[in-house]
Amino acid sequence: MVWEALSDGLAEALRAAGLYSPERFARLELAIPRESAHGDWTTNLALQIAKELKRPPRAVAEAIAAGFALAGSPFEAVEVAGAGFLNFRYARAFLDGLPARILAEGGRFGASHVGDDEATLIEYVSANPTGPLNVVSARAAAVGAALVRLLRATGQRCDGEFYVNDAGTQVDLLGESVAARFAQRLGEERALPEGGYQGGYVAEIAAALPEPEARAALGGGGAAWFRDRALERMVAAQRADLDAYGAEFARWFRESELHGSGAVDETLAALEARDMLYDAEGARWLRTTRFGDDKDRVVVRGTGLPTYLLPDIAYHRDKRARGFRHAIDLWGPDHHAYVGTLTAGLAAAGVEADFLEVLIVQQVNLLAGGQPVRMSKRAGEFITLRDLMDEVGADCAKFFFLMRSTSAHLDFDLDLAKRQNDENPAYYVQYAHARIASILRYAAERGLEPERDAGAGLEAAEEIALVRRLAAFPEVVRGAAAAREPHRIPAFLMETAAEFHRFYHHCRVVGEDAARSRRRLAVSEAARVVLANGLALMGVSAPERMERAAEAMS
C-alpha cells in the first residue's frame, strides 16, 4: 500500500536527518493533490514541525527530502515546493506494473490492514418500530452499511447492529392505536389515543389481525396483545425493507432484552458504586456535569421508572462487554444535543472516553420538478424507504445518499435519479463499468486478453493519467474509513469514470497492434476492477450490461 510505503519512508527520512521523534511523526498528514502539477502525493510535515525546530520550513523540507530513499519505493522524485511542502511523484515502473497488480489482486485491491484488527460496532438506523422506515432512515442505512464495509476493508473487525426500541411509551401508543383501528373495523366507536399513530399502515395492521384472538384481546382490555402483534409486524417489515436495500445487521438488539437481562438495574448499581448518583426532587440524578455535560440528568423518575438515559448507558456498556473497543452510532439531527449527555453518562460508568463516536446523519429533502415531495403513495404522511426503492431503485438511492457528507443536508432529486443517462451520477459510474465489460467481451471474441505482465509499458498520456487515478484507490478507501466519510468513494468513482472515458475516447483499445491492445485491455480491466470494488463498498451493483453499453465498442 503506497500510504504505508510513504509513511515508512518519511519516518526513515526524519531519522536520517536527525529530526525524528514519535511526537513529530504523529503530525504527519499525507494527501493526494487534486492538481497533477503538485505531484501524486504531498505532505506539509515540514511546516508542522519547523516552529518547534526553530528552522525555516523549506530548510526542514529539504533535509527530509535529502533523507528520503527513492530506491525500492513507488516514487522516482521528491520535490520541495512553496513554503515547505514535499511533493512525491510516482516512478514509471510502479505505474507500468500497477494494472497487472490490480488484476492479480482483483476484489482485494483497495483493502489494507491499517485497522489493526480492532473490534468496532456500528449501530445504525435503529428507527422506532412504530412505523415504516422513512428517507432519513434510508440515508442512515446507506451510510451505516458503507461504513461497516469500509472498516472491514481496512482491517477492522466490524459489525452492524440495529437497536429495537421495543419498550416504553411509543410502542404502547402503537398498540393502543392498532386496538382503536381494530375496534373501528368492527364498527365500534373508539378514538385513537392522544399522541397515537394515524398512518394508513396502522389500519393495515389492524385489518391483518386474526379476528377471534383480537376480539378477545379487545374485550379484555388487552392493549399489550395489540402492542406485541403490531411490534412484530413492524419489525418484520423494517427487516424486509432493509434486506431488500442491502443493509446487513449482525444483530437486532431489543431494548426489552436489556431490561429482561437485569442490565439496566446492574448499570444503576454500578453508577451507585462509583458515587455518581444522588437523590433530589424525588428522583435519582446522575452527576454528568463532572464529565462535561451542561447539567446533571435524571436517570430514575419519582415513579421508579428509568429515563431513556439509563438503558442507553446500559446498552453501550453491553456493547463494551461484548468485546467491541469502539462503538459508532448514527443518529438523526434531532438527537444532536444528546451526544454530550450520553458521552458523559458513559464516562460516569467508567467506559473509556474514546469508546463512543456519534455521527449525525442530516435531513433529506426529496425534490420532484424542483419542488419538495411530502406525500407517500401508501403511508399517507411521508415517503418510505420502500416507496423510494420502488421509485428509483436501491442502487441509485444508495449512490445518491452517499454522494454528500453525512453532516450535510441532502436534496435528493427524484427526477435526476430516474434518468438513464450521464447526468445521473449513479448511472454514469455503472455505465463506465458496463462499457469496459463490453470492451472485454468484444476483445475476447477476437482472441485478445488483457496483458498480465507487470513490465508492460504505458504510452499515451491518457493511459498514464488513468493508471495514476487507479493508484489512489487504496488511499481513498483508507481515508474514507478513517475519517468516517463514505462520500469519498462515489466522488472518486465519478472521477475515475470520467478519466476512463477520456482514455477510451483518445486511445483505441482494440486495434491492429495486438501487444498494445492487450496492454490497453489490462488498463481497462484494472479500471473495471476498481469501479466494481468501489461500488461494492457502497453496496451498489456493478452491471456487466446496460442499455447504452450495447453500442459497438471497437
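**Close-up views of a predicted model**

There are 25 aromatic pairs in this structure, which is a predicted model. The legends below walk through some of them, then move on to other spots.

**View 1. Phe109 and Phe473, a stacked pair.** With ring centres 6.2 Å apart and planes at 25 degrees, Phe109 and Phe473 count as stacked, because the cut-off for stacking is an angle under 30 degrees. The two partners come from distant parts of the chain, 364 residues apart. Phe109 belongs to the loop between helix 5 (92-105) and strand 5 (119-123), while Phe473 is in helix 20 (residues 473-483). Is Phe109 buried or exposed, and what about Phe473? Both are buried.

**View 2. Phe401 and Phe412, a tilted pair.** Here the ring centres are 5.2 Å apart and the planes meet at 55 degrees, so this pair is tilted. Phe401 sits in helix 16 (residues 394-402) and Phe412 in strand 15 (residues 410-413), so the pair ties together parts that are eleven residues apart in sequence. Phe401 is buried, at a relative accessible area of 0%. Phe412 is buried too, and its value is also 0%.

**View 3. An aromatic cluster, and two charges over rings.** Phe68, Phe75, Phe88, Tyr90 and Phe94 are joined into a cluster by ring pairs. Elsewhere, charged ends sit over tyrosine rings. Arg15 has its charged end over the ring of Tyr20, 4.2 Å from the ring centre. Lys398 does likewise with Tyr245, its charged end being 5.5 Å from the centre of that ring.

View 4. Glu463 is part of helix 19 (residues 461-471). Why does Glu463 count as buried? Its relative accessibility is 0%, and the buried class takes in anything under 20%, so Glu463 falls inside it. What does its side chain make a polar contact with? The partner is the side chain of Arg519, at 3.1 Å. A polar atom of the Glu463 side chain also lies 3.0 Å from the backbone nitrogen of Ala460. Setting aside neighbours within four places in sequence, Glu463 is in contact with Leu458, Phe503, Cys507, Arg519, Arg520 and Val523.

**View 5. The second largest pocket.** This pocket holds about 810 Å³ of space. It is lined by 26 residues, and the ones closest to its centre are Ile32, Pro33, Arg34, Arg469 and Ala472. Strand 1 (30-31), strand 4 (85-90), helix 19, helix 20 and helix 21 (488-506) each put at least two residues into the lining. Which element gives the largest share of the lining? Helix 21 does, with five residues.

View 6. Gly107 is another residue of the loop between helix 5 and strand 5. Its C-alpha is 8.1 Å from that of Ala532, although the two residues are 425 apart in sequence. Gly107 is exposed, with a relative accessible area of 65%.

View 7. Lys54 is not a glycine, yet its phi is positive, about 55 degrees. Lys54 lies in the loop between helix 3 (45-53) and helix 4 (57-67), and is exposed at 76% relative accessible area. Val125 is not a glycine either, and its positive phi is about 70 degrees. Val125 is found in the loop between strand 5 and helix 6 (135-153).

Key:
Residues are numbered from 1 along each chain as its sequence is written. This is a predicted model: local features need pLDDT of at least 70, side-chain atom pairs count only at pLDDT 80 or more; totals for chains, interfaces and linings use all residues. Side-chain values use heavy atoms; hydrogens and water are left out. Rings of Phe, Tyr and Trp (its six-membered ring) pair if their centres lie within 6.5 Å; planes under 30 degrees apart count as stacked, over 60 as edge-to-face and the rest as tilted. Helices (H or I, at least four residues) and strands (E, at least two) are DSSP runs, numbered from the N terminus. Buried means under 20% relative accessible area, exposed over 50%, partly exposed in between (1.4 Å probe, protein chains only). A charge sits over a ring if NZ of Lys or CZ of Arg is within 6 Å of the ring centre and within 35 degrees of the ring normal. A polar contact is a pair of N or O atoms within 3.5 Å; within protein, one must be able to donate a hydrogen and the other to accept it, and residues adjacent in sequence count only if both atoms are side-chain atoms. Contact means heavy atoms within 4.5 Å. On a 1 Å grid over the protein atoms alone, a cavity is a set of points where a 1.4 Å probe fits but cannot get out, and a pocket is an open set with protein on both sides within 12 Å along at least five of seven lines; lining residues have an atom within 4 Å of a point. Grid points are joined across faces, edges and corners, and a volume is the space filled by probe spheres set on the points.
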